[in-house]
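I opened this notebook to keep track of what I looked up, one topic at a time. The entries below follow the order in which I went through the structure.

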Amino acid sequence: MALASVTERILKRLASSDAQPRPLTADDVHRILRDAERLQDNWGTDYEYDRHQGPAPALDVILRDEVLPTLHLVPADADRLVEAARQEQARRDQRRRQAALRELHAAVGRRFAEASLDNYEATSAEQKKVLEAVKGYAANIGQHVADGAGLVAFGAAGTGKTHLLAAVAKVAVEADLTIHWINGQDLFARFRAAIDGSESEAKIVQGFVSPDVLVVDDVLPPSGALTEYQASTLYRIVDARYRACSPTWATLNVANGAEAERGMSAQVVDRLRHGSLCVFCDWPSHRKAQA
Ligand SMILES: Nc1ncnc2c1ncn2[C@@H]1O[C@H](COP(=O)(O)OP(=O)(O)OP(=O)(O)O)[C@@H](O)[C@H]1O
Ligand SMILES: [Mg+2]
């Protein structure tokens, strides 16, 4: 969308005041900012602005690059506008992160609302090693996700696999990565339901491929093995993400790779593992410890 009429009117008014620009009123600042927001919201959708490609820049960048060059302002007003845009962008980022965190909590479940890497108790040497490795992944999350490097936690029930991935998922949200968390069985059920509702398979796969990170918690059902249909569905999603260099994180209730391959397929296991951090949670259940 073009700079909307509000700014254009203000521009004309300011331009007509010749060499000596008139200071902006608070209302002018507000309206120019709203226009910059509209430009950001509609970034890349207006054919008149075919140079507006890729992700929309921050509001202060839009203001500096798109709006200020067209305005005739007293210098202090330019600074004031950019600062106001920076603050508005920070508020927007914060709101977006909070909404994403609420969505993540709803998907993972209230039990894990407080799960973090700091409250994961590591007493044995194995636990400490796993926790350090997962912390290392979290510390560099942007790079790992950009590289398509996944995260796989496997091991027996109650060893904290979901806790660890939920904790790293929160770090991902804080780093402004998009994340879709789903339980394995729910994924297959959703796939089935969508197809029954005549949505195309390609579109459903695309929905699981587009987020920066897909987390499939408990990929394998309690029986230990996927059906043929489930295995091929999972392959389509994991393979599409793998080709796009987008990481898939998973928790698996298995004791080793061979067991994982028996439960799904070697091709899926191979893709999940390739370049990923795989941690084996090989200690007694935390649930039993608390019982
Ligand atoms: N080392 C730990 N420190 C603190 N809390 C833990 C730890 N391990 C597990 N928990 C807690 O114990 C409960 C069970 O852990 P979690 O569900 O993450 O295990 P899991 O390995 O995913 O089990 P399952 O395979 O049955 O899904 C959770 O409430 C989790 O927060
Ligand atoms: Mg779990």
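**The sheet and its helices**

I began with strand S1 (residues 151–155), which runs parallel to S5 and is joined to S5 by five bridges. For one point along this pairing I noted that valine 152 stands opposite cysteine 278, a residue of S5. I keep in mind throughout that this is a predicted model.

Next I asked which helix packs on the sheet touching S1 and S5. I found that this is helix H5 (residues 125–139), whose direction makes about 155° with that of S5.

I then looked up the sheet as a whole, and wrote down that five strands form an open sheet in the order S2-S3-S4-S1-S5, with parallel pairing. At the edges I have strand S2 (179–183) and strand S5 (277–281), each of which pairs on one side only. From one strand to the next, the twist averages 10°.

Over S2 and strand S3 (213–217) I found another helix, H8 (residues 184–196), which lies across these two strands and runs at about 95° to S2.

**Two packed helices**

I turned to a helix pair, bearing in mind that two packed helices are described by the angle between their axes and the distance between the axes. Helix H9 (residues 201–209) packs against helix H10 (residues 228–243) at an angle of about 55°, and their axes are 9 Å apart. Because of that angle, I record H9 as oblique to H10. I also noted the hand of the crossing of H9 and H10, which is right-handed.

Which residues of H9 and H10 meet? From H9 I listed Val205, Phe208 and Val209, and these meet Arg236, Ile237, Ala240 and Arg241 in H10. Sorting the residues of this contact by kind, I have five nonpolar and two charged, with no polar residue.

**Around ligand 1**

My last entry concerns ligand 1, which I found to be surrounded by 16 residues, the closest being Ala157, Gly160, Lys161, Thr162 and His286. Two elements give two or more residues to this shell, namely helix H7 (161–174) and helix H13 (286–290). I then asked which element gives the most to the shell around ligand 1. The answer I wrote down is H7, with three residues.

To finish, I looked at how the residues of the shell around ligand 1 divide by kind, and recorded three nonpolar, eight polar and five charged.

How values were computed: Residues are numbered from 1 along each chain as its sequence is written. Chains are lettered from A and ligands numbered from 1 in the order in which they are written. This is a predicted model: local features need pLDDT of at least 70, side-chain atom pairs count only at pLDDT 80 or more; totals for chains, interfaces and linings use all residues. A residue is near a molecule or strand if its C-beta atom, placed from the backbone, lies within 6 Å of it. Helices (H or I, at least four residues) and strands (E, at least two) are DSSP runs, numbered from the N terminus. Ala, Val, Leu, Ile, Met, Phe, Trp, Tyr, Cys and Pro count as nonpolar, Asp, Glu, Lys and Arg as charged, and the others, Gly among them, as polar. Axes are lines fitted to C-alpha atoms, for helices over the stretch in contact, and angles run from 0 to 180 degrees between N-to-C directions. Angles under 35 degrees count as roughly parallel, over 145 as roughly antiparallel, 65 to 115 as roughly perpendicular and the rest as oblique. A crossing is left-handed if the near helix is turned anticlockwise from the far one by less than a right angle, and right-handed if clockwise. Two residues are in contact if their C-beta atoms, placed from the backbone, lie within 7 Å. Two strands pair if DSSP finds at least two bridges between them.
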